[in-house]
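Please take a moment to look over the sequence and the model below before reading on. The paragraphs that follow go through a few places one after another.

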Amino acid sequence: MTKTIVSVVGARPNFLKTAPLLREFARHPESIKSLLVHTGQHYDYSMSEAFFQDLELPPPDFHLEAGSASHSVQTAKVMTRFEEVALEVRPDWVVVFGDVNSTLACALVCAKERIPLAHVEAGLRSFDKTMPEEINRLLTDQVADLLFVSEPAGVDNLFREGVEKEKVFLVGNIMIDALIQFMERADSSSVLKKLGLNPGTYLVMTMHRAGNVDSQENLMQLVRLVHSISERAPIVFPLHPRTARNLKQFGLMDELQSCSNVKLTAPLGYLDFLFTVKHSLGILSDSGGVQSETTYLNVPCLTFREVTEQPVTVDMGTNTLVGLNSDQILLLVDDILNQKGKKARSIPLWDGQTAERITEVLLNH
């Protein structure tokens, strides 16, 4: 029998996690009818269409065009529009990824309509319920029928929360599948030439989380940090739309642009970003995905958060949690520039075969 599997994407991180799985589904045409739903949570070209091109994703079979709104309104829009798709298709499985609003919205629809649900990147916990992503993770995992976990801590979290053991599968990190799959293409990027930089001479920065960029005080502190760090080394800083909007709203954009050693860019496509990170001295970020990518690439990462949902990147990887502690950040930046940044160890199952393991479970469960 052919199984109909609907994969749901909504935001930039989802695209990376979906690409390897869709590629694996395509290897089983006799067993899988694969459909792709794009909720439209990210709709800006640089945050959506550019990733479809870089990752060779097929056009979505359904586009919900939910757009931007408050968390509640956006979640509600996705729910009502996805319900129509779910009832029309009645898939054997719906696969959701990560912790964005689209993930929770579609998970709730599946729970209400009794449609089997699989959650890729399940079990991750920051234990900080002020983060919207944490709420999305917790609730999605409670209604999912299959939970695909990237690291052992995620398995422990799910068992502690009472999830049945037969639902949980430790399969590895699907973002590493994407990195391995597209690294050769990324190596042909000309982004550094366009930026006028040489490999191994610069740092990379990304910032987008509400706790860092929605607060005028915190964003002001970040701009001052960027200024201090840029006196030590050039910084490539792709601006997330949310960060760019708040910099303008708080009157901080001019101050940031006055830092001559900072290369401000629009959000980079996946291939250009991967190449830029791979050849950097280190990265300063508040992203979840970057913690995984830098660990695999063995590039030091300073994460501007107090907690992480991926403790393996700290315990075995290159990740260091620094919050907004300016003194600690500057000391660790100096370590990175002096080649004393953290080094990674090999993490089990981060081997580029996660999509294969997930597909096997979906076909045989």
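Is serine 102 buried or exposed? The model is a predicted one, and in it serine 102 has a relative accessibility of 1%, which is under the 20% that marks a residue as buried, so serine 102 counts as buried. Serine 102 belongs to helix 4, which covers residues 101-113, and its side chain is joined to the side chain of threonine 39 by a polar contact of 2.6 Å.

A polar atom of the serine 287 side chain lies 3.2 Å from the backbone nitrogen of glycine 289, and when the neighbours within four places in sequence are left aside, the residues in contact with serine 287 are Thr206, His208, Arg209 and Arg305.

Helix 11, made up of residues 241-249, shows how burial can be arranged around a helix. Its buried residues are Thr243, Ala244, Asn246 and Leu247, and because they cover an arc of only 170° around the axis, they lie on the same side of helix 11. An α-helix has 3.6 residues a turn, so residues three or four places apart point the same way. The exposed residues Lys248 and Gln249 are carried by the face of helix 11 that is turned away from the buried side. What do the buried residues of helix 11 pack against? Their partners are helix 9 (210-213), helix 10 (216-230) and helix 12 (253-257). After helix 11 comes glycine 251, which has a positive phi, near 70°.

From here the reader can turn to the nonpolar cores. The largest nonpolar core has 52 residues, and the members that touch the most others are Leu21, Leu55, Val95, Phe148, Tyr270, Ile358 and Leu362. Helix 7 (residues 174-186) gives this core its largest share, seven residues. Isoleucine 358, leaving out residues up to four places away in sequence, touches Leu21, Val120, Phe148, Val171 and Ile174. Another core, of 32 residues, lies apart from the largest one, and its members include Val223, Ala244, Val262 and Ile336.

Notes:
Residues are numbered from 1 along each chain as its sequence is written. This is a predicted model: local features need pLDDT of at least 70, side-chain atom pairs count only at pLDDT 80 or more; totals for chains, interfaces and linings use all residues. Side-chain values use heavy atoms; hydrogens and water are left out. Helices (H or I, at least four residues) and strands (E, at least two) are DSSP runs, numbered from the N terminus. Buried means under 20% relative accessible area, exposed over 50%, partly exposed in between (1.4 Å probe, protein chains only). A polar contact is a pair of N or O atoms within 3.5 Å; within protein, one must be able to donate a hydrogen and the other to accept it, and residues adjacent in sequence count only if both atoms are side-chain atoms. The arc is that of the directions from the helix axis to the C-beta atoms. Contact means heavy atoms within 4.5 Å. A nonpolar core is a set of buried Ala, Val, Leu, Ile, Met, Phe, Trp, Tyr and Cys residues joined through side-chain atoms within 4.5 Å.
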